[in-house]
Amino acid sequence: MRVLTSPESPLNKLFLIELEDGNTVEAVHYRGDTLCVSTQVGCPIECKFCVSGREGLLRNLTAEEIYGQYELVKECHAIKRIAVAGIGEPLANWENVKSAFWKFKEEHLKVSFYTTGFPLKNLRELIELPHAGVSISVHSLNKELRKELMPFAGNVNLLIDFLKEFLPTLSRKKRGKVSLAYLLMEGVNDSREDLESLSELASSLGVSVSLLFYNDILGFSRLSPERYEEAFLFLRNRGVRVTLSNRFRKDKLGGCGTLAVNRALEPYKPYNFLLWSTKR
Ligand code: SF4
């Protein structure tokens, strides 16, 4: 494995990493102490709003390749936290992700996860690990719409039933580390009814909501800052704990949904293509 190039914005530094077989994945160093790592080459969930899933899944990363991203970047940057939130669905490569997790823990790193939730037996195991946070991406509570947005993510009703049964068995502290992630897209999943359902679910589960701000990249539109704030207040006024996307996640370089597999071969020419190609 080797770093091919590492373009940076004022907020994030993206590492384009070549694997032994020539495929490339990406990791992002942000907030001065956190590394977001990829778990697969491509992604089997194929979310319509995310660059990472455009070509589907090419292969799983090995545990060494997941951990190896940390080994490469730690040479030049401080890392205290790992966010398993890059390219791939961690639960779809669970044995390798779990092995890498324990290696990260041996280094005393805090490890948090983003997942779409399936297989549910893996989600249960994940939540039981000594993680620093598990964010479950729902993005819509309407079964049909979620399937449209996240074609291979699994049935949201089964996910909700599982969470309703499992979360109450956890300690309050453990449950406090589980949240629902909801990516707001204008005219898609941002209606009053959508937010009402989300607030009811979060309240009944006793978990917080992470309201994600969309990086306009694949044909959907983000909310205006005013409407984003309104959505935040709507949930908060109903007693839901809400967090908003921080500036690192909103950044066009390496922010949510922007990481690409085999970027140099991508027919899609992202905003930062020229930036990093000139740095080679
Ligand atoms: S948002 Fe996550 S689960 Fe969906 S395609 Fe992108 S990497 Fe995969």
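User: What makes strand 10 largely enclosed by the rest of the structure?

Analyst: A residue counts as buried if 20 or more other C-beta atoms lie within 10 Å of its own. Seven of the seven residues of strand 10 (residues 178-184) are buried, so the strand is largely enclosed. Burial holds in both directions: V178, L180, Y182 and L184 point one way, S179, A181 and L183 the other way, and all are buried.

User: How do you know that strand 10 pairs with strand 9 and with strand 11?

Analyst: Pairing requires at least two bridges found by DSSP. Strand 9 (residues 133-137) is joined to strand 10 by four bridges, with I136 opposite L180. Six bridges join strand 10 to strand 11, where S179 faces S208. Both pairs run parallel.

User: Why are strand 1 and strand 12 called edge strands?

Analyst: The open sheet has ten strands in the order 1-2-3-4-7-8-9-10-11-12, with mixed pairing. Strand 1 (2-5) and strand 12 (242-244) each pair on one side only. Strand 12 pairs in the parallel sense with strand 11 (residues 208-213) over three bridges, and L211 stands opposite L244 there.

User: Which stretch has a pLDDT below 50?

Analyst: The mean pLDDT of the protein is 91, and 95% of its residues reach 70 or more. Over residues 273-280, however, the pLDDT is below 50. Where pLDDT is low, the predicted coordinates should not be read in detail.

Notes: Residues numbered from 1 in each chain as written. Predicted model: local features only at pLDDT ≥ 70, side-chain atom pairs only at ≥ 80, totals over all residues. pLDDT = per-residue confidence, 0-100. Contact = placed C-beta atoms within 7 Å. Helix = DSSP H or I, 4+ residues; strand = E, 2+ residues; numbered from the N terminus. Buried ≥ 20, exposed ≤ 12 C-beta atoms within 10 Å, placed from the backbone.
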